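Hello,

Here is the structure we talked about handing over. Please look through it first; my notes on what was found follow below.

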Amino acid sequence: MTANRLAESLLALSQQEELVDLPKDYLLSGSEDEGDNDGEREHQKLLEAISSLDGKNRRKLAERSEASLKVSEFNVSSEGSGEKLVLADLLEPVKTSSSLATVKKQLNRVKSKKTVELPLNKEEIERARTPLEQEIFNLLHKNKQPVADPLLTPVEKASLQAMSLEEAKMRRAELQRARALQSYYEAKARREKKIKSKKYHKVVKKGKAKKALKEFEQLRKVNPAAALEELEKIEKARMMERMSLKHQNSGKWAKSKAIMAKYDLEARQAMQEQLAKNKELTQKLQVASESEEEEGGTEEKVEELLVPDVVNEVQMNADGPNPWMLRSCTSDTKEAATQEDPEQLPEPEAHEVSESEGEDRPVAEEEILLREFEERRSLRKRSELSQDAEPAGSQETKDSSSQEVLSELRVLSQKLKENDQSRKQKASSEGTIPQVQREEPATEEEEPLLLQRPERVQTLEELEELGKEECFQNKELPRPVLEGQQSERTPNNRPDAPKEKKKKEQMIDLQNLLTTQSPSVKSLAVPTIEELEDEEERNQRQMIKEAFAGDDVIRDFLKEKREAVEASKPKDVDLTLPGWGEWGGVGLKPSAKKRRRFLIKAPEGPPRKDKNLPNVIINEKRNIHTAAHQVRVLPYPFTHHWQFERTIQTPIGSTWNTQRAFQKLTTPKVVTKPGHIINPIKAEDVGYRSSSRSDLSVIQRNPKRITTRHKKQLKKSSVD
Amino acid sequence: METAPKPGSDVPPKKDKLQTKRKKPREWKNPESQRSLSGAQDPFPGPAPVPVEVVQKFCRIDKSRKLPRSKAKTRSRLEVAEAEEEETSIKAARSELLLAEEPGFLEGEDGEDTAKICQADIVEAVDIASAAKHFDLNLRQFGPYRLNYSRTGRHLAFGGRRGHVAALDWVTKKLMCEINVMEAVRDIRFLHSEALLAVAQNRWLHIYDNQGIELHCIRRCDRVTRLEFLPFHFLLATASETGFLTYLDVSVGKIVAALNARAGRLDVMSQNPYNAVIHLGHSNGTVSLWSPAMKEPLAKILCHRGGVRAVAVDSTGTYMATSGLDHQLKIFDLRGTYQPLSTRTLPHGAGHLAFSQRGLLVAGMGDVVNIWAGQGKASPPSLEQPYLTHRLSGPVHGLQFCPFEDVLGVGHSGGITSMLVPGAGEPNFDGLESNPYRSRKQRQEWEVKALLEKVPAELICLDPRALAEVDVISLEQGKKERIERLGYDPEAKAPFQPKPKQKGRSSTASLVKRKRKVMDEEHRDKVRQSLQQQQQQQKEAKAKSTGARPSALDRFVR
């Protein structure tokens, strides 16, 4: 180790000496650095030697002309010798002693041996281990950032190389000029802005608009692409204006004009103008749906239809110009957007690593899936590009490839949804999880997937339904393809079975109800088989009918019943105003809290009459016609309708009673005999003395007389 | 209310004069002093005893429901109502004595199967008048026949598929009319009396009188396949190929309701005589129940796995028999549960079904008719053993039991067969309602009365007794409105206000004390009630838990 260090120090010393020497020999050529490689210098020397050959400027040998003060080993020059002076040579004894030879060898060996350099080797650094590191490296690579830290980054280097001094000067001048111009312009604008004349401003604005229009027209003729861009800009400006709520008749000016409009023609016109402007601005534009891949044609459209929504959403997020949407997107999707360059595909290995890791974090999993999809999409794009390159042929292969992509997409979306489900189920109960997991291997296979429709995905509610109606589960199978799956599923549902059984205990099993084998009648007289011709024909028809009978009668009926139950349920009233107190718009839903707050739940109605009767649908609607004939007011002494109902339950008509009973039930309270005189009713007959009110009136008029009359009456009554 | 009178529950009219009542002071009489002129004592004093079960038959007040506590006045009203009911039902029970006729029956000798007894044997055994009721009409020319008896059971109308229409007094065999309508006849039915006849022809519905004169052609009822007549509502219900169920009021000639069943061709129909609800059988195995008041079916019952071929409802409205393409014959309970009571698989399946007045069930299978009987009158027919069987000369096309006669009429491709079925018909007829022996004048009289008592079509509903109930929804609504209008609840219990007392006992403190006393008492009542309820619930829970023995594996049940 010490020897090594020694050697190094010696080397450094020799270099220093070189630096000292150089100015003496050569004309420094400004740009040239300290000639670090000997080859160049030798080449120079060779050139000089050749030029000196002709004798004109023969190179004089360096010779010592003046005496030096000190003769020392430090003042030694090697000029003329044509050899570099090496300290080691100086130190070397003239004669090589055999004793030092071994040491020298050792030294050389040490020197030749590679040592570990202190800043780590590049490859050492490059080997990223964790996914995080990998990601970081990915990013660094993409932005051409150095992994180790050299003095200059590649970008800096490039810029240094790109610019010369003159160029730099020119550029600086340019910039200065621009700045000056800008300041002039700003000053001018400020000045103009201070001008208070409204007319002037109006004129200027109009002029500007006209000019812009003219320019645009020209541009459209010359460069349609640029014109389109311009149009977009204009559109954006319009949007801004629309958002700024200008021209809404709410400003000070507008209000004043509104007052004046009644009397002033000009004001009226101005207002109308503004209104027109407002209308023009606020008119909603019919935005043509931009489909990303237009070259795909109808096939592409079909794909679009088949592709699940999740996929399209991501696409929109990646490309859409809406900054809001962009912001809401996760950083991951942004990354995906940057990855769109097909050359810059990330290594699939890395994702697999993260996938295996991400099982405990469902969100991350989802994102990974999204990224995967992104990759595949870019892959597809590339393949399409390549297919575009070969113009004719391989339509079938294209089809197949697109099919593959489709299926992959479906698998992906499937996985996504399943992830979602599994998370939900984790929250609710763990019983159904194995079932979902069981489903996964089936989704892995692509052939059945292609056969099936995307709706095959079962929601949680459906699963519950299945559990409830296990009795006719086999009937409910939509496709025979799924049968195997179904049979697998049923044992899985077992853990939930007891609960369902409890539910079912009340219910009468519809399947059993209809399929129980009933004993057949032993009839003495079996109907004769041979019948007339038309009878035979009818029999044939009936046979066919019987063959097809009962295939989905039960399912249809249950469906109908479910619908009827749903229809009869009281509806909840939702009073949420979307956009009230928060952002509203397409794709934005009012928050769950708000919805909960403004949802008026309908009161639970009485239980249905057919709740426990699976084979019956009883109409629960009120029969208004019948209700019109029913009693709707309780008569006096009754406080509860049951009491009153009890008194009217016995029929009184002669249809239901014997004649005697009928007569007794219908006898009137008062019976009169024909031919008898009926005297008009008197107050005394009823039990009243006299009307008190009339008395009062009389009393007021003539109190004395009435008293006497009263007395008389009293006397009379006492006599009676 | 009930639209169908209980047959036999009524008695012929008595010539009682309307007695004027005068309140006389009731004289108290010593029962011992009640002696006849001869001086002999009445060995059975007092009114004759009435069997309780017969009285029970006429009681209509539902006493199972416990009433909330009522005021004295209300209680007295209720007592009056109950006393009235008891009195009337006792009277009705007593008048049962007047139902002299007894139903017929067929009994095999010990071990003999009644189904082996053929018509010839029965005809031999019965009297001449009854034997005359068994006959065959050989009408091979005009195809399979549909037939219909009039409501009195005296007249018979039949229509062959190839246009032959005839009506006759089948007891005397006197032909009323015979025509050929020169069109396919799908169904035939008497209207309220034997004077009018509705015939469902190939295109439209036609109405003929008993002379065979066409009175109406109802074009709004087209392609009718089945007819039903609701006698108390004067409604003719028609089921058409186009899937419409149309109700035609024959008293005013107006279509009351045209309901779309939304189930394709309708060719299975029957009526429930108890509540006048129409039962339609559909090809998807369901039977739907219809009323003209509702646009949707009142109920839908899934009966068979295949299509429904025939439906019949018994006269009490309790049982419904259905047969389907799955060769099964089922008897359903219509009293709210709609569950099958018994099921049988028949070798060929029944194409036609009919109930008799006394609850016998007949099924036509090919060219054979099977009749099943129940134990009593109100029991469903037991499908184990057929009561009678009979083979006809052709496949059955129409079946009906004759009212008030032990006769079953069968229309088949070979004509009409009238066969004797002992015990099928109601022996005692209501002379005022449907008198088989009525004269023309009596019929006219009855017609007027029946028209006066016509029940509006909108009153048809599943439970006719529901009309005797208070419309609770409107009642509540009215109450609420009243409270809103008045600003307070007039029926609410007034808060306790202590009476003012004298001699210094009406101080504020004592008033408050008295108030508090009452409040506490109320509170204690409440607590007591809730405790009782809790105890009851616990008891119920215990009873439930003891019902099924807990298993060791129950702990795993979630």
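**Notes on the model**

A:Ile50 has a relative accessible area of 47%, so it counts as partly exposed. Please keep in mind that this is a predicted model. A:Ile50 belongs to helix H2 of chain A, which covers residues 38-51. Together with A:Leu46, A:Leu47 and A:Leu53, A:Ile50 makes a nonpolar surface patch of about 410 Å².

Helix H6 (residues 131-142) has 12 residues, and the distance from its first C-alpha to its last is 16 Å, close to the 16 Å expected at 1.5 Å a residue. After H6(A) comes A:Lys144, with a positive phi near 55°.

Helix H28 of chain A (residues 553-568) has 16 residues and should therefore span 22 Å at 1.5 Å a residue; its end C-alpha atoms are 22 Å apart, in agreement. Its buried residues are A:Val553, A:Ile554, A:Phe557, A:Leu558 and A:Lys561. These cover an arc of only 125° around the axis, so they sit on the same side of H28(A).

In chain B, one loop residue was examined. B:Ser434 is placed in the loop between strand S28 (415-420) and helix H5 (440-452). B:Ser434 counts as buried because its relative accessibility is 5%, and the cut-off for buried is under 20%. Leaving aside residues up to four places away in sequence, B:Ser434 touches B:Arg151, B:Thr152, B:Phe404 and B:Phe429.

Regards

Terms used:
Residues are numbered from 1 along each chain as its sequence is written. Chains are lettered from A and ligands numbered from 1 in the order in which they are written. This is a predicted model: local features need pLDDT of at least 70, side-chain atom pairs count only at pLDDT 80 or more; totals for chains, interfaces and linings use all residues. Side-chain values use heavy atoms; hydrogens and water are left out. Helices (H or I, at least four residues) and strands (E, at least two) are DSSP runs, numbered from the N terminus. The expected span of a helix is 1.5 Å times one less than its number of residues. Buried means under 20% relative accessible area, exposed over 50%, partly exposed in between (1.4 Å probe, protein chains only). The arc is that of the directions from the helix axis to the C-beta atoms. Contact means heavy atoms within 4.5 Å. Patches are made of residues with over 30% relative accessible area and no salt bridge: like charges are joined within 9 Å, nonpolar side chains (Val, Leu, Ile, Met, Phe, Trp, Tyr) within 5 Å. Accessible areas come from the Shrake-Rupley method with a 1.4 Å probe; for residues, only the protein chains shown count as cover. A salt bridge is a side-chain nitrogen of Lys or Arg within 4 Å of a carboxyl oxygen of Asp or Glu.
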